[in-house]
Amino acid sequence: MASYFDEHDCQPLEDGQTPNHALHLARLLLDSGLAAEWDMEYNRFFGGEGRAPPASKKAVAELETKLVSPTIAALGKKCPICLLEFDEEDEVKIMPCGHQFHSGCILPWLSKVNSCPMCRYELPTDDPQYEEFKKHQARAKQREFELNSLHDSMFG
Ligand SMILES: [Zn+2]
Ligand SMILES: [Zn+2]
């Protein structure tokens with residue numbers, strides 16, 4: 001029981017007390033206002049087009065690396081960056097999202113941007129401000145979800 005209230009950052013209701021939805025809604029709306037301010041800060045820092053910092057060196061070092069096997073080479077798959085087929089014995093890096101690239105193609109990319117060129121899956125970065133922003137974004141999503149379910153419970 002205790003963990004529910006801890007997670008949701010609110011006080012358990014006393015006996016006979018009714019939940020104050022309006023107050024909760026007001027607080028969520030206030031928080032959303034702060035979220036907008038945060039986005040402006042972010043745009044100032046990162047250039048306004050969601051320009052992300054490079055992937056963290058640790059995350060890049062930990063990417064799975066393998067050599068292209070004859071079987072894979074026979075499939076004629078192409079590296080999405082250089083558009084050349086993966087040749088036997090080519091060294092490839094495998095992103096956590098499953099996309100594969102030549103090491104020589106993806107490494108320069110990840111030294112500029114932290115996301116997969118195919119699906120924008122994001123690796124961690126070494127930039128504390130950007131990491132804070134990502135956490136903030138996750139919280140904003142959670143809040144949006146709460147706001148929607150609260151709206152449904154009040155008006156649905
Ligand atoms: Zn390549
Ligand atoms: Zn990907």
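**Before starting.** I'm working with a predicted model, so everything below was computed from its atoms.

**The zinc ion.** I began with the zinc ion (ligand 2) and looked up what holds it. Its protein donors are C97 and C116 and C119, each through SG, plus H99 through ND1. They sit 1.9 to 2.3 Å from the metal. Next I checked the geometry: the angles among the 4 donor atoms run from 105 to 115°, and the site is tetrahedral.

Which parts of the chain does the pair H99 and C119 tie together? I found H99 in the loop between β2 (91-94) and β3 (100-102), while C119 is in the loop between α5 (103-110) and α6. The pair therefore links parts that are 20 residues apart in sequence.

Are these two buried or exposed? H99 comes out partly exposed, with a relative accessible area of 27%. C119 is partly exposed too, at 37%.

**S103.** I then moved on to S103, which is in helix α5. I have it down as buried because its relative accessible area is 6%, and the cut-off for buried is under 20%. What does its side chain meet? There is a polar contact of 2.7 Å between the side chains of S103 and E91. Skipping neighbours within four places in sequence, I listed T65, E91, V92, K93 and P108 as the residues in contact with S103.

**Helix α6.** My last stop was α6, residues 128-155. At 1.5 Å a residue, its 28 residues should span 40 Å, and the end C-alpha atoms are 40 Å apart, so the two agree.

At the start of the helix, I spotted a side-chain oxygen of D127 within 2.9 Å of the backbone nitrogen of Q129.

Which residues of α6 are buried? I wrote down Y130, F133, H136, R143 and L150. A reminder to myself: an α-helix has 3.6 residues a turn, so residues three or four places apart point the same way.

How far is L150 from H21, in sequence and in space? They are 129 residues apart along the chain, but 7.7 Å apart from C-alpha to C-alpha.

Terms used. Residues are numbered from 1 along each chain as its sequence is written. Chains are lettered from A and ligands numbered from 1 in the order in which they are written. This is a predicted model: local features need pLDDT of at least 70, side-chain atom pairs count only at pLDDT 80 or more; totals for chains, interfaces and linings use all residues. Side-chain values use heavy atoms; hydrogens and water are left out. Helices (H or I, at least four residues) and strands (E, at least two) are DSSP runs, numbered from the N terminus. The expected span of a helix is 1.5 Å times one less than its number of residues. Buried means under 20% relative accessible area, exposed over 50%, partly exposed in between (1.4 Å probe, protein chains only). A polar contact is a pair of N or O atoms within 3.5 Å; within protein, one must be able to donate a hydrogen and the other to accept it, and residues adjacent in sequence count only if both atoms are side-chain atoms. Donors are N, O and S atoms within 2.8 Å of the metal (3.2 Å for Na, K and Ca); water is not among the atoms, so sites may look incomplete. Four donors count as tetrahedral if all angles lie between 85 and 135 degrees; four count as square planar and six as octahedral if opposite donors are over 155 degrees apart and all others between 65 and 115; anything else is irregular. Contact means heavy atoms within 4.5 Å.
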